[in-house]
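Open the model in your viewer and keep the selection tool at hand. This tour goes stop by stop.

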Amino acid sequence: MPDTSINIVIGGGAGQGLATVGQLMARAATRAGYHLLVNQDYMSRIRGGHNFFSIRMGAEPVMAIAEGIDVLVALDGRTIDEQSAQLNAGAIVIAGDTIDTAGLNALRVPFKELAPKPLFHNVAALGVLGAAVCGEVSILEDLLRQTFAKKGEAVVQANIEVVRKAHDWVGEQAFDFSCIAPPPEHPGKRLMLDGNEAIALGALAAGCNFVSFYPMTPATTVPITLIAKGAPLGLVHDQAEDEIAAINMAIGASYAGARALVATSGGGFALMTEGVSLAGVSETPLVVVVAQRPGPATGMATRTEQADLNLVLYSGHGEFPRAVFAPGTVEQCFYLTHRAFDLAEQYQTPMFVLTDQFLADSYRTVAPFDLGGLPEIAQPLLEAPSPYARYALTDDGVSPRMVPGFSEVLVRADSHEHDEHGRITEDAANRVRQNVKRLDKGNGLMQDVIGPEYYGPDESDEGADLVLLCWGSSLGACLEAAQTLNAKGLVRTTVLHFSQVYPLREEQFMDFLESAGQVVAVEGNATAQFARLVARETGFVVTGSVLRFDGRPLSPRYILKGLESIV
């Protein structure tokens with residue numbers, strides 16, 4: 001078992017409370033000072049099936065999921081069947097005494113003795129788990145007080161009694177398991193957030209005050225978090241009857257002066273694409289969050305994939321500028337969403353945040369965000385130039401934007417082609433002028449492109465033997481795979497990660513690619529969509545790829561295995 005980190009997997013059926021145990025354990029680890037990364041694997045059903053909640057925690061930062069298991073908490077027998085093959089040497093299994101754990105290093109827990117009702121079995125499991133990994137029971141007790149405070153003191157005390165009894169029970173058992181290294185002494189203030197929560201907080205930091213949505217996994221927790229945190233700040237929300245209504249509500253709200261966001265997944269975004277064009281032609285600021293899951297159609301509703309890049313890239317009919325961000329970390333979810341709002345306001349066109357189920361549901365420990373360092377968001381004009389024309393032709397394509405009702409000027413918008421004053425027209429020369437004006441905004445967007453980040457073994461990044469080319473949530477797995485290769489000293493490996501995948505400025509990365517011995521695309525789709533985009537934009541053809549599209553997130557082990565036949 002590694003002494004710097006452990007991988008805990010809690011498995012069971014939907015409805016058994018494994019997410020509750022997992023979240024409480026993750027929060028306890030965070031409070032104790034550990035770094036962590038959580039992966040949630042769940043089936044698209046209300047009850048039953050096999051789901052698991054994995055927590056990789058360590059004294060040092062952890063970047064990716066691990067496939068080997070050090071502690072397996074089995075809430076049902078199927079978890080043993082599904083997961084025992086992944087147990088590392090020295091691993092321990094925590095299971096009820098009615099579950100068959102023959103041949104395994106197991107703590108067989110008498111839940112009926114530790115908990116008065118089945119309702120408390122997950123809390124008992126939490127107490128056993130906390131004790132098994134050498135956690136302090138006082139942290140668990142504090143968490144239970146906060147979690148159940150609204151249910152009254154009697155409920156709080158009942159849960160504390162169970163977790164204390166379970167924790168003490170472990171101390172009376174003889175079992176073979178080694179604790180991980182202690183956490184840093186002064187870890188500083190940290191947050192435990194998943195990607196969707198960070199996106200919502202980034203939106204609020206940008207002044208988002210309107211969200212409309214139709215629920216769709218794995219995007220729904222973006223508006224849910226926005227509503228929970230933003231309502232006291234004046235945020236207005238609406239759960240629409242479908243995605244078409246949701247995006248059109250957001251466009252209307254933005255036209256009226258709100259900072260609007262819509263969040264959905266691939267299937268819902270397919271319905272929104274006409275609205276995307278409406279935002280493009282009417283030059284209405286809008287931020288769209290697309291949380292990817294495997295398609296086509298409903299596909300695998302609760303799994304992950306990176307296969308909607310092309311959908312977002314080419315969504316909407318006609319031609320108009322856009323930018324697409326693909327955060328690779330929880331921190332990037334926050335800062336890139338904030339940036340998307342700024343650019344949407346600045347260039348009056350839709351902006352996209354492209355995430356996925358793995359990042360959406362993946363809790364990480366992060367330092368508090370630097371709110372003081374955030375740039376001020378662009379905003380509409382408060383005084384109209386005279387004479388005022390909403391779609392006036394300008395050198396940079398950005399026309400003066402007034403919000404209707406905030407001045408005496410008439411603000412006219414149209415979904416048809418229009419003249420400078422927003423009046424419908426099919427005049428050919430005007431059509432060319434307005435289309436060119438809209439596309440000119442792309443020149444400004446190009447100047448604002450965030451270049452890719454290089455992660456290499458030393459300061460001399462260029463000339464690596466191997467470059468792992470990746471985008472979005474595959475960052476952490478690529479970094480750990482590169483670390484492993486560099487530690488072996490056989491292949492000097494660097495990672496080139498794009499958190500903005502469109503537009504691209506080739507001068508930001510072409511020298512790096514052309515100087516590399518070999519470039520391998522690592523993506524969560526079947527056709528290397530981003531590598532193909534790079535080839536289309538620059539002519540640089542990636543010859544090797546490690547692709548995963550089985551609905552599971554990329555892991556270091558998966559990448560290393562894929563590289564065996566390439567490098």
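Which residues does UniProt list for "domain: Pyruvate/ketoisovalerate oxidoreductase catalytic"? Select residues 14-167, the span given in that unreviewed entry. UniProt positions follow the numbering used here, feature names are shortened, and annotations may be inferred rather than shown by experiment.

Two notes before moving on. This is a predicted model, where local features need pLDDT of at least 70 and side-chain atom pairs count only at pLDDT 80 or more, while totals for chains, interfaces and linings use all residues. Residues are numbered from 1 along each chain as its sequence is written, and side-chain values use heavy atoms, with hydrogens and water left out.

**Stop one: the listed span.** Residues 14-167 are 42% helix and 25% strand. Their end C-alpha atoms lie 25 Å apart. Helices (H or I, at least four residues) and strands (E, at least two) are DSSP runs, numbered from the N terminus.

**Stop two: a helix crossing.** Select helix H1 (residues 18-32) and helix H4 (residues 121-132). Their axes come within 9 Å and cross at roughly 35 degrees. Axes here are lines fitted to C-alpha atoms, for helices over the stretch in contact, with angles from 0 to 180 degrees between N-to-C directions. Now show the side chains. H1 brings Thr20, Val21, Leu24 and Met25 to the contact, and H4 brings Asn122, Leu126, Leu129 and Gly130. Contact means heavy atoms within 4.5 Å.

**Stop three: aromatic rings.** The structure holds 8 aromatic pairs. Rings of Phe, Tyr and Trp (its six-membered ring) pair if their centres lie within 6.5 Å; planes under 30 degrees apart count as stacked, over 60 as edge-to-face and the rest as tilted. Select Phe334 and Tyr335. Their ring centres are 5.0 Å apart and their planes stand at 90 degrees, so this pair is edge-to-face. Tyr335 sits in helix H12 (residues 330-347) and Phe369 in the loop between strand S14 (364-366) and helix H14 (428-447), so the pair ties together parts 34 residues apart in sequence.

Is Phe334 buried or exposed? Phe334 is buried, at 1% relative accessible area. Tyr335 is partly exposed at 31%. Buried means under 20%, exposed over 50%, partly exposed in between (1.4 Å probe, protein chains only).

**Last stop: Ala301.** Select Ala301, in the loop between strand S11 (286-292) and helix H11 (309-313). Ala301 is buried, at 15%. Leaving aside neighbours within four places in sequence, Ala301 is in contact with Ser44, Thr217 and Arg293.
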